[in-house]
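Visitor: I would like to learn how to read the features of a model like this one. Could you take me through them, starting with the core?

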Amino acid sequence: MMNDIKVTIITVAYNCANTITDAIESVLNQSYRYIEYLVIDGASKDNTLDIARRYIPKFHAKGMEMRVISEQRILERVGRITDEYSLSEIRAKLNGGNF
């Protein structure tokens, strides 16, 4: 049954402060609640990371999981990071500039 399946959505971001809000909001506004949301940030120089972290309580309030991971050179390892952090059967990627 679809309601039993956790879906992981991964947003890869680097200096996306101007667009990351729209990407995050598009995930937050989904009607399906069994979502694990990972924002993988490549050590942005702007306030992308701060913006993303502000949404963690909003996701938790809706019963959805959200984690923000940020480190230098992480974007080179996105595939492995996804396998390491994701707990779901279905994964989707939404870039920081997409929404």
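Guide: Gladly. A nonpolar core is a set of buried Ala, Val, Leu, Ile, Met, Phe, Trp, Tyr and Cys residues joined through side-chain atoms within 4.5 Å; buried means under 20% relative accessible area, exposed over 50%, partly exposed in between (1.4 Å probe, protein chains only). Here the largest nonpolar core has 21 residues, and Ile 24, Ile 35, Tyr 37, Tyr 55, Phe 59 and Met 66 touch the most other members. This is a predicted model, where local features need pLDDT of at least 70 and side-chain atom pairs count only at pLDDT 80 or more, while totals for chains, interfaces and linings use all residues. Residues are numbered from 1 along each chain as its sequence is written, and side-chain values use heavy atoms, leaving out hydrogens and water.

Visitor: Which elements each supply at least two residues of this core?

Guide: Helices (H or I, at least four residues) and strands (E, at least two) are DSSP runs, numbered from the N terminus. At least two core residues come from each of strand 1 (7-13), helix 1 (20-28), strand 2, helix 2 (48-54) and strand 3 (65-70). Helix 1 gives the most, with four residues. Along the sequence, the chain's pattern is β-α-β-α-α-β-α-β.

Visitor: What does Ile 35 touch?

Guide: Contact means heavy atoms within 4.5 Å. Leaving aside residues up to four places away in sequence, Ile 35 touches Val 7, Ile 9, Val 27, Gln 30, Met 64 and Glu 65.

Visitor: How many aromatic pairs are there?

Guide: Rings of Phe, Tyr and Trp (its six-membered ring) pair if their centres lie within 6.5 Å; planes under 30 degrees apart count as stacked, over 60 as edge-to-face and the rest as tilted. The count comes to one aromatic pair. Tyr 37 and Phe 59 are stacked, 5.3 Å centre to centre with 25° between the planes. Tyr 37 lies in strand 2 and Phe 59 in helix 3, 22 residues apart.

Visitor: Why does Tyr 37 count as buried?

Guide: Tyr 37 counts as buried because its relative accessibility is 0%. Phe 59 is also buried, at 0% relative accessibility.

Visitor: And how should I read confidence?

Guide: pLDDT is the predictor's confidence in each residue, from 0 to 100. The chain's mean pLDDT is 81, and 70% of its residues reach 70 or more. Among its elements, strand 4 (residues 90-93) has the lowest mean pLDDT (57) and helix 3 (residues 56-61) the highest (97). Where pLDDT is low, the predicted coordinates should not be read in detail.
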